[in-house]
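Subject: Structure handover

Hello,

Here is the structure we talked about. Please open it alongside these notes.

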Amino acid sequence: MFFKYKTIFIILIILLSGCSLNNSYHRNELGNVSILIETPSDRDNVLLKENLKRLINTNQKSQSKYKLDASISYNSSETLSVRGLNVLNSTKATINYRLVEIDTEKVIKSGSFNSFPALSSSSSSLYSNEIARGHIKDRLNLVSAQKMKLILKVTLSRLN
């Protein structure tokens, strides 16, 4: 009976250690590449730059091999709710980017993409509308940085 419990305990430890060790080998594919990120100096673009730096986590010790020029802008429009009773504000982010190899000044990839729209309700309070718009811009900025990271992964993996 004791042997049976001992074997189950050992198997349980092996399974748990195998699951926990799986995460330690996870690495970022963009960590070996050094990318210099440049954006305009307004609040939204600086936030995009910081989100990209945090997500990409590039190798800061080596010389930059690539330069990413990126800028973000927002477009807002009014839409009707599902029942057609309320007016909602729909906001989309548009990101223009250009990836350049620094040594040869060769443009590797350039383009733009739009994020999915984020909806907010319109209120009679100007303060609440402004705060909601700020939160939506922050969310769209983070989602756009994640999409930019995915584009960079695909583009740079094709080069290697």
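Is E105 buried or exposed? E105 counts as exposed, at 55% relative accessibility. The cut-offs are: buried under 20% relative accessible area, exposed over 50%, partly exposed in between, with a 1.4 Å probe and protein chains only. E105 sits in the loop between β3 and β4. Its phi is positive, about 55°, although E105 is not a glycine.

Two notes on the source. This is a predicted model, where local features need pLDDT of at least 70 and side-chain atom pairs count only at pLDDT 80 or more, while totals for chains, interfaces and linings use all residues. Residues are numbered from 1 along each chain as its sequence is written, and side-chain values use heavy atoms, with hydrogens and water left out.

Overall fold

The protein chain has three helices and five strands. Their pattern along the sequence is α-β-α-β-β-β-β-α. Helices (H or I, at least four residues) and strands (E, at least two) are DSSP runs, numbered from the N terminus. Of the 160 residues, 31% count as buried. The chain exposes about 11300 Å², and carbon and sulfur atoms supply 57% of that area. Areas come from the Shrake-Rupley method with a 1.4 Å probe; for residues, only the protein chains shown count as cover. Among contacts with a separation of 6 or more, 64% come from residues 24 or more positions apart. Contact means heavy atoms within 4.5 Å.

Helix α3

Helix α3 covers residues 126-159, 34 residues in total. From first C-alpha to last it reaches 49 Å, close to the 50 Å expected at 1.5 Å a residue. The expected span is 1.5 Å times one less than the number of residues. Its buried residues include I136, L140, M148, I151 and L152. The buried residues of α3 pack against β1 (35-38), α2 (43-56), β2 (66-80), β3, β4 (106-114) and β5 (118-121).

Strand β3

T94 lies in β3 (residues 87-101). T94 counts as buried because its relative accessibility is 15%. Its side chain makes a polar contact with the side chain of N114, at 2.9 Å. A polar contact is a pair of N or O atoms within 3.5 Å; within protein, one must be able to donate a hydrogen and the other to accept it, and residues adjacent in sequence count only if both atoms are side-chain atoms. N96 is also in strand β3, but N96 is partly exposed at 38%.

Salt bridges

The count is five salt bridges. The rule is a side-chain nitrogen of Lys or Arg within 4 Å of a carboxyl oxygen of Asp or Glu.

- D69 and R98 meet at 3.2 Å, N to O. This pair links distant parts of the chain: D69 in β2 and R98 in β3, 29 residues apart. D69 is buried at 19%, whereas R98 is partly exposed at 36%.
- E50 and K53 meet at 4.0 Å, N to O. Both lie in helix α2, three residues apart, about one turn.
- E130 and R133 meet at 2.8 Å, N to O. They are about one helical turn apart because three residues separate them in α3.

Salt bridges that share partners also join R43, D44 and D138 into one network.

Best regards
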